[in-house]
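Dear colleague,

Please find below the structure that I am handing over to you. My notes on its charged side chains follow.

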Amino acid sequence: KILDEHPGYAHLFAVYQGAPNFRALLLEAKRRGERVCIISESPCNMTPGVKGWLKEYLYLPFVLPMKIKRVVEAAECVFNLSGDSSRELAAIGWPNEKIIPYGYFSPPIPESRLFERTSNADFHILVTGIMQWHRAPDTVMQALVLLKKWGVPFRATFTQKGPLYEGLKRTAIKNGVPVTFAGFLPMPELIHLYETCSVYVAAGRREPWGMRLNDALQCGAPLAVSRGMGGVQLVDEYACGVSFNAEDYVDLAHKLRRMIEDETFYLRCARNAFRAATKVAPDVKAKLLIKELAR
């Protein structure tokens, strides 16, 4: 019905990897002579254990490319919601010339406000999200243990709980890490943390993007982002914080230490974060998508 009612449109398909009905619809649109494009994440294996192994070494390199082969041939392009790395899409058959770097660009959380940080005193490290393997809060905790050992002053807040919660709490107590486990917070309290923290840390082992980065950045928070996340593009493009190697807690600790001890560097990151918030607004990034579609 949608195809019948919108002839001549560019049709953007956000689901195609695991949905045969949408793949069939895309191919039907192509058969009719319509323009078809994909807007989707790159494949990302966020599953630990045996299932993760099977996905990594069987499904992604062999099964998935066969499932989507005709879609790849039919689509004009794919807007990569996982940022500017084309490696994962190329691995499942997408030609580099069809891959357009993009990302996720959500609006600010309702009632949240944008603040520029003007000091790195009383340095407050914030980590949010369910405490699970692919988000790697354990990497952050190990980095905090190292900072404590070095005598670097800071305080930290972890929100929510999850499978890794008890282990993180034991590690914090054992090493005397100055961290608050705040649990699941009402939205106004979470917003306050985004608006006032010194840095927001996202340590994902493997995440297509990590939209909590956008929530923090829209409140002016400088970012510390793992290179296992597509959202590291925000740091690379806008210099609004630091990046570190996935699962490398030593690298993260050194990057946080620099932000804590080098005020000039920190304030530069904070200024860039404040400026970047408006540059990643949905209306701004939507214009880039429209520009690509109009080519």
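**Notes on charged side chains**

Arg271 lies in helix α11, which spans residues 263-279. Helices (H or I, at least four residues) and strands (E, at least two) are DSSP runs, numbered from the N terminus. Please note that this is a predicted model, in which local features need pLDDT of at least 70 and side-chain atom pairs count only at pLDDT 80 or more, while totals for chains, interfaces and linings use all residues. Residues are numbered from 1 along each chain as its sequence is written, and side-chain values use heavy atoms, with hydrogens and water left out.

Arg271 has a relative accessibility of 33% and therefore counts as partly exposed. Buried means under 20% relative accessible area, exposed means over 50%, and partly exposed is in between (1.4 Å probe, protein chains only). Together with Arg268, Arg275 and Lys279, Arg271 forms a patch of positive charge on the surface. Such a patch is made of residues with over 30% relative accessible area and no salt bridge, like charges being joined within 9 Å.

Side chains of opposite charge can pair when their charged atoms come close. The structure holds 18 salt bridges, a salt bridge being a side-chain nitrogen of Lys or Arg within 4 Å of a carboxyl oxygen of Asp or Glu.

One of them joins Arg205 and Glu247, at 2.7 Å from N to O. Arg205 lies in the loop between β8 (199-202) and α8 (212-217), and Glu247 in the loop between β10 (241-244) and α10 (249-261), so this pair ties together parts that are 42 residues apart in sequence. Arg205 is buried, at 12% relative accessibility, whereas Glu247 is partly exposed, at 48%.

Glu28 and Arg32 form another salt bridge, with their closest N and O atoms 2.9 Å apart. Both residues are partly exposed: Glu28 has a relative accessible area of 24% and Arg32 one of 39%. The two also belong to a network of salt bridges that links Asp4, Glu28, Arg31 and Arg32.

A further salt bridge brings together the side chains of Arg258 and Asp262, at 3.9 Å from N to O. Arg258 is partly exposed, with a relative accessible area of 43%, and Asp262 is partly exposed as well, with 28%.

Yours sincerely

Definitions and conventions. Patches are made of residues with over 30% relative accessible area and no salt bridge: like charges are joined within 9 Å, nonpolar side chains (Val, Leu, Ile, Met, Phe, Trp, Tyr) within 5 Å. Accessible areas come from the Shrake-Rupley method with a 1.4 Å probe; for residues, only the protein chains shown count as cover. Lys and Arg count as positive and Asp and Glu as negative; His and the chain ends are not counted. The place of a charge is taken as NZ of Lys, CZ of Arg, CG of Asp or CD of Glu.
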